[in-house]
Amino acid sequence: MYSLSADQLTFVQKARELAQNVLATHAGDVDEKGRFPTESLAALAEAGFYGLLIPKELGGQGQSLRVLAAVVDELAQACASTAMIYMMHNSAVNCYLAEPEKFADVLKDAAMGRHLGTLAFSEKGSRSQFWAPVSRAVSASGGVTLSAQKSWVTSAGHADGIVASCISADGSGAAVYLVKKNDGGLSITGGWNGLGMRGNQSNPMTLEDVDLGDERLIGEAGKGADIMLGKALPVFQLCQGAIGVGVAEAAFQAAQKHITAVGFEHTGTKLSDLPNLRAALAEMRLEVDKARAYLVAVVGKLEAGDADAMLHVLALKASSAETAVKVSDLAMRACGGAAFSKHLGLERAFRDARAAIVMAPTTDHLREFVGRLLVGLPLFG
Ligand SMILES: Cc1cc2nc3c(=O)[nH]c(=O)nc-3n(C[C@H](O)[C@H](O)[C@H](O)COP(=O)(O)OP(=O)(O)OC[C@H]3O[C@@H](n4cnc5c(N)ncnc54)[C@H](O)[C@@H]3O)c2cc1C
């Protein structure tokens with residue numbers, strides 16, 4: 001489906017192996033306890049996946065967004081929390097790659113599996129409208145100090161690098177800085193007990209007079225939108241597309257297995273003898289296949305530099321998130337009370353699927369953005 005070369009396929013096969021042998025083993029416990037998937041992240045780091053997008057000359061694997069999408073699809077089928085943490089890491093890496101020489105040390109560390117990145121865009125003051133940070137950097141000798149209330153930061157307390165947005169010190173626009181885990185003034189200010197994606201530690205974080213030298217500025221002060229929307233967003237959107245597909249695939253697989261395996265003793269028939277359940281399975285399968293085909297088409301548009309690529313990059317997350325919600329809902333209904341209990345692993349997919357709807361840009365935002373582009377209006381009105 002992803003039209004990969006033999007070389008590219010080795011990454012996907014390795015990801016599938018890790019997904020089945022490591023991620024799937026811990027996913028239930030991670031969800032139950034709401035704990036960080038340490039074993040899964042360690043396995044990804046060890047196998048070189050932290051450096052998937054990083055050029056070979058910096059020690060990475062030099063792979064494309066197409067390979068990343070296929071890898072994230074595999075990971076999400078086993079543990080959506082791990083896939084999301086990995087998505088945030090790659091979004092951060094693509095920001096560092098805006099200035100590969102300046103961030104060479106960080107990129108080399110990531111390629112070696114020693115640096116996990118994340119994004120801290122959402123703020124208490126502007127909520128889901130992350131493109132409009134309210135915190136403002138203050139000029140200081142050799143850089144700035146930053147105080148900010150970041151409302152959700154995936155991998156909080158675990159990520160080594162936090163790509164944080166703010167208003168530039170001169171007030172001319174946004175600015176994006178690399179904040180490091182051990183920087184003075186950085187703290188976690190809340191817990192994480194989510195409905196879904198329970199393993200990703202998306203805690204609120206507070207920055208209080210954090211000193212950030214000019215060497216931490218990513219891109220230009222005042223032009224942070226180029227980094228947020230031009231570097232982080234495309235990777236975030238594509239990976240979210242792949243997570244939606246992976247979660248929907250997991251729901252379908254669990255439903256298919258259950259419906260094919262169990263039946264009614266008193267009639268000697270199986271659940272699969274019921275035409276309504278076969279129809280539900282057919283609908284789920286088609287939805288997953290359509291979503292994966294759209295993901296691959298959008299990757300192709302990005303690679304080709306098509307004029308409408310950005311419209312589809314925006315539409316992809318909304319479309320994929322809604323597919324995951326629909327398919328996991330169909331699977332829950334088709335598998336009855338067995339799905340309502342935890343042993344099929346279906347209700348986890350049902351809960352995990354819902355996170356993408358409300359993660360910014362939310363489905364509401366994306367429909368508005370796509371609608372504005374379709375009628376010739378600028379993205380932000
Ligand atoms: C599991 C999880 C992990 C996350 N991880 C991170 C992270 O690592 N980094 C990060 O920066 N953020 C992260 N977030 C935050 C996320 O991106 C959003 O900022 C957050 O979910 C928004 O929640 P809110 O309550 O502030 O929404 P609100 O802004 O209060 O929105 C409420 C509703 O209003 C709608 N709405 C808001 N504005 C508009 C508009 N202009 N047009 C139409 N409808 C609108 C929304 O769609 C939503 O339905 C995470 C969120 C979740 C759920």
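Leaving aside its neighbours within four places in sequence, which residues is His-258 in contact with? In this predicted model, the partners are Leu-271, Cys-335, Ala-338 and Leu-344.

**His-258 itself**
- Is His-258 buried or exposed? Its relative accessible area is 12%, and buried means under 20%, so His-258 counts as buried.

**Helix 6 meets helix 4**
- Two packed helices are described by the angle between their axes and the distance between the axes.
- For helix 4 (residues 80-96) and helix 6 (residues 224-261), the angle is about 160° and the axes are 8 Å apart.
- Angles over 145 degrees count as roughly antiparallel, so that is the label for helix 4 against helix 6.
- The crossing of helix 4 past helix 6 is right-handed.
- On the helix 4 side, the contact is made by Ala-80, Ala-83, Met-84, Met-87, Met-88, Asn-90, Ser-91, Asn-94 and Cys-95.
- On the helix 6 side, look for Ile-227, Lys-231, Ala-232, Val-235, Phe-236, Cys-239, Gln-240, Ile-243 and Val-247.
- Sort the residues of this contact between helix 4 and helix 6 by class and you get 13 nonpolar, four polar and one charged.

**Helix 6 meets helix 3**
- Helix 3 (residues 65-78) and helix 6 have axes that come within 7 Å and cross at roughly 35°.
- Here, too, helix 3 passes helix 6 in a right-handed crossing.
- Helix 3 makes this contact through Leu-65, Leu-68, Ala-69, Val-72, Asp-73, Ala-76 and Gln-77.
- The classes in the contact of helix 3 with helix 6 come to 13 nonpolar, two polar and two charged residues.

- In soluble globular proteins, nonpolar side chains tend to be buried together.
- The largest nonpolar core in this model has 115 residues, and Val-71, Tyr-96 and Met-284 have the most contacts inside it.
- Which helix gives the most to this core? That's helix 6, with 18 residues.
- Zoom in on Val-71: leaving aside its neighbours within four places in sequence, Val-71 is in contact with Phe-11, Val-12, Ala-15, Phe-49, Leu-52 and Tyr-86.
- Another core, of 19 residues, lies apart from the largest one, and Leu-146, Ile-162, Ala-164 and Tyr-177 are among its members.

How values were computed
Residues numbered from 1 in each chain as written. Predicted model: local features only at pLDDT ≥ 70, side-chain atom pairs only at ≥ 80, totals over all residues. Heavy atoms only, no water. Axes fitted to C-alpha atoms, helices over the stretch in contact; angles between N-to-C directions. Helix = DSSP H or I, 4+ residues; strand = E, 2+ residues; numbered from the N terminus. Parallel < 35°, antiparallel > 145°, perpendicular 65-115°, else oblique. Left-handed = near helix turned anticlockwise from the far one by under 90°. Contact = heavy atoms within 4.5 Å. Nonpolar A, V, L, I, M, F, W, Y, C, P; charged D, E, K, R; others polar. Core = buried A, V, L, I, M, F, W, Y, C linked by side-chain atoms within 4.5 Å. Buried < 20%, exposed > 50% of the residue type's maximum accessible area, 1.4 Å probe, protein only.
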